[in-house]
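I opened my notebook to look up a few things in this structure, one entry at a time. Come along and check each entry against the picture.

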Amino acid sequence: MNNIEVTGGIKSQRDKVESMVQFCIEKLMPRMQTLDVDIRLKSINDANGYCTKLADTKNPREFDIEVDYKLSMRQILETVAHEMVHVKQYARNEMCDADNPSTNKTSWKSNSVCTKSTEYWDLPWEIEAHGREVGLFVRWAQANGYANTKWANV
């Protein structure tokens with residue numbers, strides 16, 4: 001059974017974030033039952049969010065996600081969806097960090113990508129994550145009765 005823990009922020013944020021994580025697991029990794037995802041809603045100044053795999057193993061299952069709690073509710077949930085795409089990428093071994101971080105290389109679907117010479121918006125894992133975050137949010141909002149709410153703006 002997957003373990004999801006959300007801390008920080010306020011209760012309504014935590015509840016919606018946990019629901020979004022469960023939704024993303026169901027849509028992106030429906031057969032995975034051993035994920036451990038800790039989400040911290042906290043103040044972040046240089047990004048909307050981060051995803052970190054905790055163990056450098058062949059089949060990572062433990063992840064930390066940080067999301068800026070000062071964002072709008074929609075932005076928080078889209079950021080969670082974006083970071084959950086990264087969880088999927090790591091958990092399904094589509095993306096693997098280099099053995100030696102100083103090489104600035106990341107493996108993406110068995111191809112080596114130089115993160116130093118590739119613009120952020122051209123990184124294939126970011127293209128997928130940005131491409132899926134809105135769709136995941138819209139589907140979650142529709143499935144949970146938020147599609148016509150002011151903050152969802154679907």
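I start with a cut-off: a residue is buried when its relative accessible area is under 20%, exposed when that area is over 50%, and partly exposed in between. I also note that this is a predicted model.

I looked up glutamate 66 and found a relative accessibility of 16%, so it counts as buried. Its side chain meets that of lysine 42 in a salt bridge, at 3.6 Å from N to O. Glutamate 66 sits in strand β4 (residues 62-68) and lysine 42 in strand β2 (residues 36-42), so this pair ties together parts that are 24 residues apart in sequence. I then checked lysine 42, which is partly exposed with a relative accessible area of 34%. Salt bridges with shared partners join Arg40, Lys42, Asp64 and Glu66 into one network.

**Entry: pairs elsewhere**

How many salt bridges does the structure hold? I noted 10. My reminder to myself is that side chains of opposite charge can pair when their charged atoms come close.

One of the salt bridges links lysine 11 with aspartate 15, with the closest N and O atoms 2.9 Å apart. Both residues lie in helix α1 (residues 11-28), 4 residues apart, or about one turn of the helix. Lysine 11 counts as exposed because its relative accessibility is 53%, while aspartate 15, at 40%, counts as partly exposed.

I also looked up lysine 27, whose side chain meets that of glutamate 26 in a salt bridge of 4.0 Å, N to O. Lysine 27 has a relative accessible area of 35%, so I wrote it down as partly exposed.

**Entry: helix α2**

Does the span of helix α2 agree or disagree with its number of residues? At 1.5 Å a residue, the 19 residues of α2 (residues 73-91) should span 27 Å, and the end C-alpha atoms are 26 Å apart, so the two agree. I found this helix mostly covered, with 18 of its 19 residues buried.

**Entry: positive phi angles**

Most residues other than glycine have a negative phi, so I looked for exceptions. Just after α2, asparagine 93 takes a positive phi of about 60°. Asparagine 104 has a positive phi too, near 60°, and its place is in the loop between β5 (95-97) and β6 (105-108). I noted asparagine 104 as partly exposed, at 28% relative accessibility.

Serine 110 has a positive phi near 70° and is found in the loop between β6 and β7 (111-114). With a relative accessible area of 74%, serine 110 is exposed.

Methods: Residues numbered from 1 in each chain as written. Predicted model: local features only at pLDDT ≥ 70, side-chain atom pairs only at ≥ 80, totals over all residues. Heavy atoms only, no water. Helix = DSSP H or I, 4+ residues; strand = E, 2+ residues; numbered from the N terminus. Expected span 1.5 Å × (residues − 1). Buried < 20%, exposed > 50% of the residue type's maximum accessible area, 1.4 Å probe, protein only.
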